[in-house]
Protein chains: 2
Amino acid sequence: MQLLSLLLLAPVALALWPNPRNVSFGTSSVILSPTFWIHWASTTPAPSDMTAAISRTMAQLYTDNLQRLVVGRANADLQALAYAAELPMLHLEIIGNSEIKSIMAEATCELGSRDESYTLSVPADGTAAMIQANTTLGLFRGLTTFSQLWYSTGGVASTFPFYSFFPGASMIYSIEAPVTVMDTPAYPYRGLLLDTARNFIPVTDLYRQLDAMSYVKINTFHWHVTDSQSFPLTVAAYPELSQYGAYSAAQTYSLQDVQNVINYAGAIGIDVMVEIDTPGHTASIWESHPDYIACWNEAPWGTYANEPPAGQLRFAVPEVLNFTQQMFASVLSTLPSTLFSTGGDELNTNCYVNDTEFQQALISTGQNFSSALNTFVLGTHDTVRAAGKTPVVWEEMLLVQNVSLGPDTLVIVWISSDDALAVAQKGYKMIHGPSDYFYLDCGAGAWLGDDTDGTSWCDPFKTWQKAYSFDPLQNLTESQYSLVLGGQQLLWTEQSGPENVDPIVWPRAAASAEVFWTGANGPDGLPRNSTEALARLHDVRYRMVARGINAINLQPQWCALRPGDCNLV
Amino acid sequence: MQLLSLLLLAPVALALWPNPRNVSFGTSSVILSPTFWIHWASTTPAPSDMTAAISRTMAQLYTDNLQRLVVGRANADLQALAYAAELPMLHLEIIGNSEIKSIMAEATCELGSRDESYTLSVPADGTAAMIQANTTLGLFRGLTTFSQLWYSTGGVASTFPFYSFFPGASMIYSIEAPVTVMDTPAYPYRGLLLDTARNFIPVTDLYRQLDAMSYVKINTFHWHVTDSQSFPLTVAAYPELSQYGAYSAAQTYSLQDVQNVINYAGAIGIDVMVEIDTPGHTASIWESHPDYIACWNEAPWGTYANEPPAGQLRFAVPEVLNFTQQMFASVLSTLPSTLFSTGGDELNTNCYVNDTEFQQALISTGQNFSSALNTFVLGTHDTVRAAGKTPVVWEEMLLVQNVSLGPDTLVIVWISSDDALAVAQKGYKMIHGPSDYFYLDCGAGAWLGDDTDGTSWCDPFKTWQKAYSFDPLQNLTESQYSLVLGGQQLLWTEQSGPENVDPIVWPRAAASAEVFWTGANGPDGLPRNSTEALARLHDVRYRMVARGINAINLQPQWCALRPGDCNLV
């Protein structure tokens, strides 16, 4: 009984995810007025994706239908609502004098110049709420926060006269007004990688991932679109790549599909960073261009590749560089993002030892393995830059192959979180994607055949708590901090596809979303910690389910309703 | 090239799952005649669930729309189809003189007296196919096998004149006629446990699991319906149990829901074995009957329970036994199955040490802990037997608590596969459900809060290959073999719910389905092995997806099309 009283008196944390940088809240209840609306306060008309965001937010307020996660659910709040003020409207206001652009334009501009900041206030006295921002992107982030404040009475009748006319109607309410938020992300890059090559993921399933990403303010979809197993990407200059390299015609992304994904993402504040992994992870190019691929499907595959099938670009052959550049150029011309990944992981040197064409090319061009690789990678990066974009690579290009990457190149750390220091010591900007914290496919057992007792190479399973414990600045010196642009969780799809992408990713990928938005300390000034975070993460998970994402239960519902009662003892 | 020729010449294994006990097949193609139909060959009308099974099979033949898993997919087979005979019909024939009963009646009769055997022939010469069986249940198993023989040309036009009238129509074909199958399961009990108490699973999601179970001839749904976290089962004699013990009114199984699940299952050859776990795992009963529960929600929970919340029946109190018997009787009267589990796992003795009511009951009844437990368990088993059913318990009742169980009691081995021997040595019949092979929730990381580096208690993930390697007779002597009734994979739902039940269960649970149907050796007489099985399991997985089950990819599709190319090297 004493415990119960304490819980009732303790301030309930706002169930926002990611946690805003600064937030204050009260203990008053507010309900949405029956005539609540969202008002675009600028004289310049709202861009169409902003208008769509307003409509979508209005719909979510009424369709989330989420009862608060507390014992008794909505019943626990009904009494307080009798004294609640009605919120009449929400103003959206662009401040400053800069040109009003679309959310997509703001979301796809250079990483360093994006402005996602906003302020939000929800008064408790029946006056209007307000979101202010310098950009539509900031307003959109504010709308996302706003939409997480509201719960439903779940069809319970109310004492408010208006509602008595609508039996079964729900009131939409918040219990912690007045709310004030001042928010801006700690890191500019907050991503999610999805691999659509090991197994194909249809566009509609990608849309659903993008929705979930935007709910937790992830701003980059790292699209690992091709690999050795399949080449689903339609390339205008080389249509044969997907024609022969995709699993089937139905398992391709048409030029229009790619634009649809980019536009869908942009409108909800997400930049699409496409990756065409080279020179490794390219066996599927053999299907259309066998002359460009060394060691294709050589056995045993383990000698020539990290997984079947073997096959890598003959990067020392000038024609192969030329092809790769033309292919990249063809794709790059269709992408609004300023980021493009040329890949570069897991290059297998055995593949080339007995490859006559490769070895002859080295001789005829007077190069060795390293210099030829340097030529190839820098050549493809020239193409990326010529398209006005920044090249992105996996860490081996820098740390293993010692390619003399341009200083603008972004490096993704994946093999181990320990490798961030080496990247920083070489002075490169980095994106964190370490397998020891962020790989979503770990722990699902061996997928190779004939391997009864096999585990995944990166066992154990990386829980949300593990990801949440990641320190983006660990091992770095203060002067190196600015090299960290952010990070991302990653799903490689050897054992995944549209059937399980939701439950394997969500709500786990929300963990890194908060790590890189909120930074080291929560709004209370204390270090982030998973014990505080769990109740908020349950909330965002239940809200995701309400919005059609098949996010998993993190605990029995009994625990979700009783914060702290299911901690390790 | 040499490899390719070998592959083309090698006999392709039929993609049946579970593998029949005896099968022979040829190399001729057969297509379904445009007027193909399934003929009920008995003069007695077919029971209504049999008629439904025929209709459903007819639909699946045309809606599976599965192209064969081979490089080139349907295109690889088109040439052969030009010479194919048309299969005009399939006869279903009950043999012998026994009364024709419904599939459900046959599926829910005593474990030892079920007859699931059947023979199937699909000629290559254009004459009719035939399934013969002693029971409708056998015919249904044969229909399930029959439905796995067929592939679609995927809308590819054909040389057959009939199809030229229907552009885009698919031919439905099999490439290994003539097929002859003589089949009967190795073990009578082949189950799947689902826990609907840690998190609730709606009835429609249970239906989908039952569908998938029937596709691989699993014949028992072990329904762990209640636990300490929630009590979703409506009990007619004690409606307050679910009224207060369920997560919400929407998260209950009404009396009608339970009958719907039982009838749905029975019609597709599945017996529903309900479990009301006692005397542990009962904290949710406190919500309606606080006097019956000891140590409810005592902290730290780890002292009193294996997971939160603590709370167990005060089994020494005569009124508690009386309540449990009345509750069981109320439920038992609604169940057609001859099996009912009273649970009995993870009883925590600390819970009772300081429980005044429990200790006073021991004194007033003149019993000690063990004798009181014996009285309680045997008392509840009397209730089970009085309803004409066989009691089923978890292994601790026998091996840890030494309850003097009746010789008819079935014991489920779960803690370790090593415990089967001890059960056998005590002479009890057993069902295998060992956590070291069959627990589907293992490997998903810790679900308790405040546990950053925690793994699941039964790490690592139990792959299908691990489950498939299980030997039901390991460590047993030949005289003990007959004690093994079968086994099951199990899903405990701390981290699951409708959002991920399909991908976490399927196709993995097909592994034990084959272990217990096919037995030690495949139809070729060789020991079962996962390397042979993988191609067939891919096939059943793709067929499940075609039928609406969100079964996961076991490998990249590249591997699924190239048996053997993705084995461990």
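Which domains does the domain assignment of chain A give? In this predicted model, the assignment gives domain 1 (13–183) and domain 2 (189–560).

**View 1. Placement of domain 1 and domain 2 of chain A.** The C-alpha centres of domain 1 and domain 2 of chain A are 34 Å apart. Contact between these domains involves 38 residues of domain 1 of chain A and 44 residues of domain 2 of chain A.

**View 2. Area buried between the two domains of chain A.** Domain 1 and domain 2 of chain A bury about 3500 Å² between them, with carbon and sulfur atoms giving 56% of this area. On the side of domain 1 of chain A, the residues that lose the most area to domain 2 of chain A are A:Trp17, A:Asn19 and A:Leu69, which together account for 23% of what that side buries.

**View 3. Salt bridges and polar contacts across the interface of domain 1 and domain 2 of chain A.** Four salt bridges are found across this interface. A salt bridge also joins the side chains of A:Asp64 and A:Arg543, with an N to O distance of 2.9 Å. Polar contact between the two domains of chain A comprises 20 residue pairs, both residues being at pLDDT 80 or more.

**View 4. Elements on the side of domain 1 of chain A that touches domain 2 of chain A.** At least two residues of this side come from each of strand E1 (22–40), helix H2 (48–63), helix H4 (103–107) and helix H5 (136–147) of chain A. H5(A) gives the most, with six residues. By class, this side of domain 1 of chain A has 20 nonpolar, eight polar and 10 charged residues.

Terms used: Residues are numbered from 1 along each chain as its sequence is written. Chains are lettered from A and ligands numbered from 1 in the order in which they are written. This is a predicted model: local features need pLDDT of at least 70, side-chain atom pairs count only at pLDDT 80 or more; totals for chains, interfaces and linings use all residues. Side-chain values use heavy atoms; hydrogens and water are left out. Domain bounds come from an automatic or database domain assignment. Contact means heavy atoms within 4.5 Å. Buried area is the accessible area (1.4 Å probe) that two parts lose on being put together, summed over both. A polar contact is a pair of N or O atoms within 3.5 Å; within protein, one must be able to donate a hydrogen and the other to accept it, and residues adjacent in sequence count only if both atoms are side-chain atoms. Helices (H or I, at least four residues) and strands (E, at least two) are DSSP runs, numbered from the N terminus. Ala, Val, Leu, Ile, Met, Phe, Trp, Tyr, Cys and Pro count as nonpolar, Asp, Glu, Lys and Arg as charged, and the others, Gly among them, as polar.
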